[in-house]
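Me: I would like to learn how to read strands and ring pairs in a model. Can we work through one together?

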Amino acid sequence: MILVLGVSSGLMILNAVILIILLVWIFSWAFQTYRRKRYATVLSQDDFKNGMRKAQVIDLRQENDFKQGHILGARNLPYPYLRQQYGELRKDLPIYLYDEGMTLSTQAVAFLGKHGYNHLYILKDGYRAWDGKTKKSKY
C-alpha cells in the first residue's frame, strides 16, 4: 500500500512538472507571436524577394553562419551587435530581418520598434527555409 501511494504521488509530481513546462512553453510562444505582430510584418519568401531591393536586409546570425551562406545582398549584423549599433540603420527605409528561424528576428523587431523604427519585416521561417539566391564566403 505504501509503495503504491509513493508511485502515484511521484506520478502526480511528474505530471505537475510536465504541465508547468507545457504552460511556460505555450506562454512563451504566445508572447513571441504577439511581439512579432505588434512590431513587424512577417513576409513570405516571395514578398521578401520582391521588396528586398528597396530595403536594408539584415542577417542576425553569427558571422561564421553568415560566411557559410547568406541571402545575396544581406548585411551581417548579429543580434548582440544590433543592440549596440542600431543607430546605423536608416529609419526611412524598410528593414528586412532574418535569422535561422524567427526567434532572433522577433527579439530584434521588438528592440527596434521600441527605439522608433516602424517599417520592420521578418522572413517567414528564416534562412533555413530560404530558396532564393545565396552567397557563400570563399574562405
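**Strands and rings**

Reply: This model is predicted.

Me: Which ring pairs with Y117, and in what geometry?

Reply: Ring planes over 60 degrees apart count as edge-to-face. Y86 and Y117 form such an edge-to-face pair, 6.5 Å centre to centre with 80° between the planes. Y86 sits in the loop between α4 and β5, Y117 in the loop between α5 and β6, 31 residues apart. Y86 counts as partly exposed because its relative accessibility is 24%. K91 lies over the face of Y117, 5.2 Å from the ring centre.

Me: How do I read the side chains of strand β5 (residues 95-98)?

Reply: In a regular strand, side chains alternate between the two sheet faces. In β5, I95 and L97 point one way, Y96 and Y98 the other. All are buried.

Me: Which strands pair with β5?

Reply: Strand β2 (residues 56-59) runs parallel to β5, joined by 4 bridges. I58 stands opposite L97. Strand β6 (residues 120-123) also pairs with β5 in the parallel sense, over 3 bridges. Here Y96 stands opposite Y121. From β5 the chain crosses through helix α5 (residues 103-114) to β6, a right-handed β-α-β crossover.

Me: How many aromatic pairs does the whole structure hold?

Reply: The search finds 8. One is F48 with Y96: the centres are 4.9 Å apart and the planes at 50°, so the pair is tilted. F48 lies in helix α2 (residues 45-51) and Y96 in β5, so the pair ties together parts 48 residues apart in sequence. Ring pairs link F48, Y96, Y98, Y121, Y127 and W130 into a cluster. K49 lies over the face of W130, 5.4 Å from the ring centre.

Terms used: Residues numbered from 1 in each chain as written. Predicted model: local features only at pLDDT ≥ 70, side-chain atom pairs only at ≥ 80, totals over all residues. Heavy atoms only, no water. Buried < 20%, exposed > 50% of the residue type's maximum accessible area, 1.4 Å probe, protein only. Helix = DSSP H or I, 4+ residues; strand = E, 2+ residues; numbered from the N terminus. Pairing = 2+ DSSP bridges. Right-handed = clockwise from strand over helix to strand, strands pointing away. Phe/Tyr/Trp six-rings, centres within 6.5 Å; stacked < 30°, edge-to-face > 60°. Lys NZ or Arg CZ within 6 Å of the ring centre and 35° of its normal.
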